[in-house]
Amino acid sequence: MELDNHAEDLASDLGIDKEEVKADLQNLVEYSVPIDEAKQSLRRKYGDDTGGGSAPSSKDIEEITTDDGNVTITAVVLTAGERSIRYQGDDHVIVEGRLADETGAIDYTAWEDFGLSAGDTVTAGNAGVREWDGEPELNLGESTSLSFLEESLEVPYEIGGDAQIADLQTGDRAVSVDVQIVESERRTIDGRDGETEIQSGVLGDESGRLPFTCWAPDPEIEPGASVRIENAYVREFRGVPEVNVSEFSVVSSLETEIEVGSDATTMGIGEAVATGGVYDVELVGNVIAVRDGSGLIQRCPECNRVVQKGQCRTHGSVDGEDDLRVKAILDDGTGTVTVVLDDELTEQVYGGDLEDALEQAREAMDQEVVADTIREKIVGREYSVRGHLSVDEYGANLDAETFEESAADPTVRASSFLEEVRA
Ligand SMILES: [Zn+2]
């Protein structure tokens, strides 16, 4: 439903001006308050305390769907992590995590301080159900009655947020990881409270590596350090999952060194694209085309974007700087991605550097010859590509760190090719 419809609903229920309600709703939604919670809070503000429905019945977690309005459940708190959000201009501490019973597990957000901690067994009466990414989630708010039970419920889930890097997904909350800081640097950003110092880099364990951002710089976080990070959350940044270390996270130094695995996750292209983005993945497929905008290109000196016919989309007519890159389409039968090679990898496949490319273009009086040369070398061959896959409105792009012709035995491939030809 559009904001407008929600506002109309509320206005007619509460008998007040629609524009006024809409402005309030818009304000709440801008501060990332889920629409249902925002509506409930406005019902309270304008004096209708019914919450828009009758008392909900008890449900098993497995039975909860996004069609439910409010439910009552009895569950064990698997994880509970604090996080700060800005709400109506004030910083507000919320608690996020996962709840489970015998039948299933569900993510929740607590907008009030109920004092939840991992291992507690609770009954949450009148918990709101909202939809996130197609799945139901629970909102525990002012209208939720929460009680702690003496007897603990047995659930088939691990209590606590201990996780391996390879298992982390966007949306995970209150996770704890034992990792080595692979790279880390401090930067000053223009945050919501003006200039703020943050740390960002890459961390890893035996299972894999992920980028991270630490919003409250911590002296324990420095390259080479092995640390335990408790109560981190995972969100998507530039198309891949990123570990977020907040002011509520606890970072402690570890005695033993955490080894960082050197193997990338190997996946089919279709499967990898379906995950919505993977940091450090290895994909194998055939290069079926080299896209326009490959070979010898020019970049805007202001913003580094590729310029076409001397025109930058943002900065207009500019004196572009020469560079090399390749955008190649890789296909393994299950899906396709655009592999992006930087200048160094492009030099490798081209078999020459920028000077050679400029020379070839001058002689041909056409810079397209560089892309053509690259096409002849790589199209139709199988490559193993390792890098960072992002999936967004621009499509599926794999920023390559390595680009190697597949190691499969050439004689085997030659004979299977011959069989295909004869068939
Ligand atoms: Zn520009």
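User: In helix α7 (residues 368-378), which residues are buried, and what makes a residue count as buried?

Analyst: The buried residues of α7 are V370, A371, T373, I374 and I378. A residue is buried if 20 or more other C-beta atoms lie within 10 Å of its own, exposed if 12 or fewer, and partly exposed in between, with the C-beta atoms placed from the backbone. The helix itself is a DSSP run (H or I, at least four residues; strands are E, at least two), numbered from the N terminus.

User: What does the source say about the model and its numbering?

Analyst: The model is predicted: local features need pLDDT of at least 70, side-chain atom pairs count only at pLDDT 80 or more, and totals for chains, interfaces and linings use all residues. Residues are numbered from 1 along each chain as its sequence is written.

User: How do you know where the buried residues of α7 fall when seen down its axis?

Analyst: The arc is taken from the directions from the helix axis to the C-beta atoms. For α7 the buried residues fall within an arc of 155°, so they line one face of the helix.

User: Which elements do the buried residues of α7 pack against?

Analyst: They pack against β14 (277-290), β15 (295-299), β19 (321-331), α5 (343-350) and α6. Contact here requires C-beta atoms, placed from the backbone, within 7 Å. Just after α7, G380 takes a positive phi of about 90°.

User: What makes the phi of N126 and of N231 worth noting?

Analyst: Most residues other than glycine have a negative phi. N126 has a positive phi of about 60° although it is not a glycine, and N231 also has a positive phi of about 60° without being a glycine. N126 is in strand β4 (residues 121-132), and N231 lies in strand β10 (residues 226-237).

User: Are N126 and N231 buried, exposed or partly exposed, and how do you know?

Analyst: N126 has 18 C-beta neighbours inside 10 Å, so it is partly exposed. N231 has 22 other C-beta atoms within 10 Å, so it is buried.

User: How do you know which strands pair with β11?

Analyst: Two strands pair if DSSP finds at least two bridges between them. Three bridges join strand β9 (residues 208-214) to β11, and these two run parallel, with F212 opposite V243. β10 and β11 pair in the antiparallel sense over five bridges, and Y233 stands opposite N244. In the hairpin of β10 and β11, which has two residues between the strands, R238 takes a positive phi near 50°.

User: What makes β11 mostly covered?

Analyst: Strand β11 (residues 240-245) has five of its six residues buried.

User: Why is T213 called partly exposed, and which residues does T213 touch?

Analyst: T213, in strand β9, has 17 other C-beta atoms within 10 Å, so it is partly exposed. Leaving out residues up to four places away in sequence, T213 touches I198, S200, E242 and N244.

User: What makes a set of residues a nonpolar core, and how many residues has the largest one?

Analyst: A nonpolar core is a set of buried Ala, Val, Leu, Ile, Met, Phe, Trp, Tyr and Cys residues joined through C-beta atoms within 7 Å. The largest has 79 residues, and L99, L330, V337 and V339 have the most contacts inside it. Strand β1 (residues 70-87) gives the largest share of this core, seven residues. Apart from that core lies another of seven residues, among them A7, L10, A38 and L42.

Definitions and conventions. Two residues are in contact if their C-beta atoms, placed from the backbone, lie within 7 Å.
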